[in-house]
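Have a go at each task before you read its solution.

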2 protein chains.
Amino acid sequence: MRALHADTGYLLYRLGLRSGQLFNSFLQESGLRLRHYAVLRLLATTPGALQRELSASLGYDPSAIVGLVDDLEKLGFAERRPSPDDRRSRIIVLTDGGRAFLRDTDEAGQRVTNELVGPLDATEREQLHALLQRVAESGLA
Amino acid sequence: MRALHADTGYLLYRLGLRSGQLFNSFLQESGLRLRHYAVLRLLATTPGALQRELSASLGYDPSAIVGLVDDLEKLGFAERRPSPDDRRSRIIVLTDGGRAFLRDTDEAGQRVTNELVGPLDATEREQLHALLQRVAESGLA
DNA sequence: GAACAATAATTGTCGACGTCAATAGTTGTT
DNA sequence: AACAACTATTGACGTCGACAATTATTGTTC
């Protein structure tokens, strides 16, 4: 019988958990959680996104986006704006406060990833990232 | 601002989720879930383990082990046996039924991993596995 | 050897997460 | 004008992972 840790899928599952925990503990003081942070980061690179687009890009259920955007609005990190061509949709935009938050936490965020891939050198990290990216792209997205 | 998917930590988190989902859907018909399967697989390679050891090896809270072993006992896949030298401990052993289950599902389990790392060829899969293993070992055993 | 700390399993609680079903408002189609 | 499709929202449910507290047992210390 193959050992459990010989299974790439199980390793991914375990490391995914650890990664999420590290991110959440880094975000703890700010009152946000990993999912909020993901939304913010995504908004930073796509100026104005419909909630439906956030849902598709992040893989979160549309109903989950609602609460996340609620929280971000309360903190002044994002805003809902009416869509000009479709009154069903809302356009979510990053506010200056949100942008500042991302700037201030960027370094700490990088520390998290560094801690995760600690034992790997620079080229190995790139290898790992490239492999993960290809795996991630295949399963939809 | 770096894109979200440029973050190795986030990729790991996402792929970990997907991996867990795939495993769970593969196990669905058997009534087990990923964590039960992990216990079974671990028991298959270590003949007789204390619950405390299962907890340490798998990274699950001791309180989580209780329910998992309960379920496995109900299905006849594992048994609790009294420890001869410490009446607090129980030794968990795989039954013949559990062994048969692992044998029967082994192929399907491999399909899950194959589906996950689909776009990678054989050498790339080994590369990925080796990198993940080193990352996994660093953050504690 | 009696009091005390440490340990193994257990129970209960809690928040976060992911999924699904249902609804209201709006748009597109026939 | 009637109907189907879509967007955001609300609500419910089960799983998962982390923690505190309890019970039974063992080890340690005075």
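Below are two exercises on this predicted model, each with a worked solution.

Before you start: local features need pLDDT of at least 70, side-chain atom pairs count only at pLDDT 80 or more, and totals for chains, interfaces and linings use all residues. Residues are numbered from 1 along each chain, chains are lettered from A and ligands numbered from 1 as written, and side-chain values use heavy atoms, without hydrogens and water.

**Exercise 1.** Work out which element gives the largest share of the side of chain A that touches chain B.

*Solution.* 
- Step 1: count the residues in contact (heavy atoms within 4.5 Å): 50 from chain A and 51 from chain B.
- Step 2: look for salt bridges (a side-chain nitrogen of Lys or Arg within 4 Å of a carboxyl oxygen of Asp or Glu). The interface has four; in one of them, Glu124(B) pairs with Arg134(A), with the closest N and O atoms 2.7 Å apart.
- Step 3: list the helices (DSSP runs of H or I, at least four residues) that give two or more residues on chain A's side, including H1 (8-27) and H6 (122-138).
- Step 4: pick the top contributor, H1(A), with 13 residues.

**Exercise 2.** Find which residues come nearest to DNA strand D.

*Solution.* 
- Step 1: take the residues near the strand (a heavy atom within 4 Å). There are 20, and Tyr13(A), Gln21(A), Arg52(A), Arg88(A) and Arg35(B) come nearest.
- Step 2: zoom in on Tyr13(A), where a polar side-chain atom sits 2.4 Å from a phosphate oxygen of DNA strand D.

Technical notes. A polar contact is a pair of N or O atoms within 3.5 Å; within protein, one must be able to donate a hydrogen and the other to accept it, and residues adjacent in sequence count only if both atoms are side-chain atoms.
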